[in-house]
Amino acid sequence: MTDTRPPRVDADEKTTLLGFLNYLRDAVGDKATGAPEPEGRTSGVPSGTSVLGLVKHLTAVERFHFLGENPADWAATMRPAPEETAEQLLAGYREAVEQANRVIGGCTDLSLPIPHPPRPASVPTMRWVLVHMIEETGRHAGHADILREQIDGAVGR
């Protein structure tokens, strides 16, 4: 793979933040696409983290922050079930991203609270959620980079 450069966005704040978030989301999807089975779901580190586990987890994080869905067990979001295929996990991630982007698109002011707070006691602004999601997705994209390289030597995006 060749490396893809970050977006060059010369636009308003929301467009810039969303551009970087989508860039990182694509990086995660690219790392999981084509990962051989069962290696894609097999942990490459003592913590138990796998490429497909990261996809499943980030799906839950997207749904939590943008759609207000609170998983019953956060630890379970890191472990794909045996019956969940790579294609299903990636499709679920892409669907969650699409739904999240509709929520983001409806936001007219980043300083307003998110429309679907996952916890009523804590309602962050859309700006905070976008910055947090860039951090969260970037962190896990880096994990996916390393795990995929361990699997089959694939590097870049």
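Helices are DSSP runs of H or I that are at least four residues long, and they are numbered from the N terminus. In the predicted model described here, the chain contains 4 helices and 0 strands, and, read along the sequence, its elements follow the pattern α-α-α-α.

The overall dimensions of the chain were considered next. The C-alpha trace spans about 45 × 40 × 25 Å along its principal axes. When contacts between residues at least 6 apart in sequence are examined, 69% of them are found to join residues at least 24 apart.

The packing of helices was then examined for one pair. Two packed helices are described by the angle between their axes and the distance between the axes. Helix α2, formed by residues 51-67, packs with helix α4, formed by residues 126-152, at an angle of about 175°, and the two axes lie 9 Å apart. Because angles over 145 degrees count as roughly antiparallel, α2 is roughly antiparallel to α4. The residues of the contact of α2 with α4 comprise 13 nonpolar, 6 polar and 3 charged residues.

Two individual residues illustrate the surroundings of particular positions. Arg148 is placed in helix α4, and its relative accessibility is 6%, so Arg148 counts as buried, the cut-off for this class being under 20%. Residues up to four places away in sequence being left out, Arg148 touches Asp30, Lys31, Ala32, Thr33, Gly34, Ala35, Val51, Gly153 and Ala154. Although Arg148 and Gly44 are 104 residues apart in sequence, their C-alpha atoms are 8.9 Å apart in space.

Ile114, by contrast, is found in the loop between α3, which covers residues 86-105, and α4. With a relative accessibility of 4%, Ile114 therefore also counts as buried. Once its neighbours within four places in sequence are set aside, Ile114 is in contact with His65, Val123, Pro124, Thr125, Met126 and Val129. Ile114 and Glu95 are 19 residues apart in sequence, and the distance between their C-alpha atoms is 19 Å.

Terms used
Residues are numbered from 1 along each chain as its sequence is written. This is a predicted model: local features need pLDDT of at least 70, side-chain atom pairs count only at pLDDT 80 or more; totals for chains, interfaces and linings use all residues. Side-chain values use heavy atoms; hydrogens and water are left out. Axes are lines fitted to C-alpha atoms, for helices over the stretch in contact, and angles run from 0 to 180 degrees between N-to-C directions. Helices (H or I, at least four residues) and strands (E, at least two) are DSSP runs, numbered from the N terminus. Angles under 35 degrees count as roughly parallel, over 145 as roughly antiparallel, 65 to 115 as roughly perpendicular and the rest as oblique. Ala, Val, Leu, Ile, Met, Phe, Trp, Tyr, Cys and Pro count as nonpolar, Asp, Glu, Lys and Arg as charged, and the others, Gly among them, as polar. Contact means heavy atoms within 4.5 Å. Buried means under 20% relative accessible area, exposed over 50%, partly exposed in between (1.4 Å probe, protein chains only).
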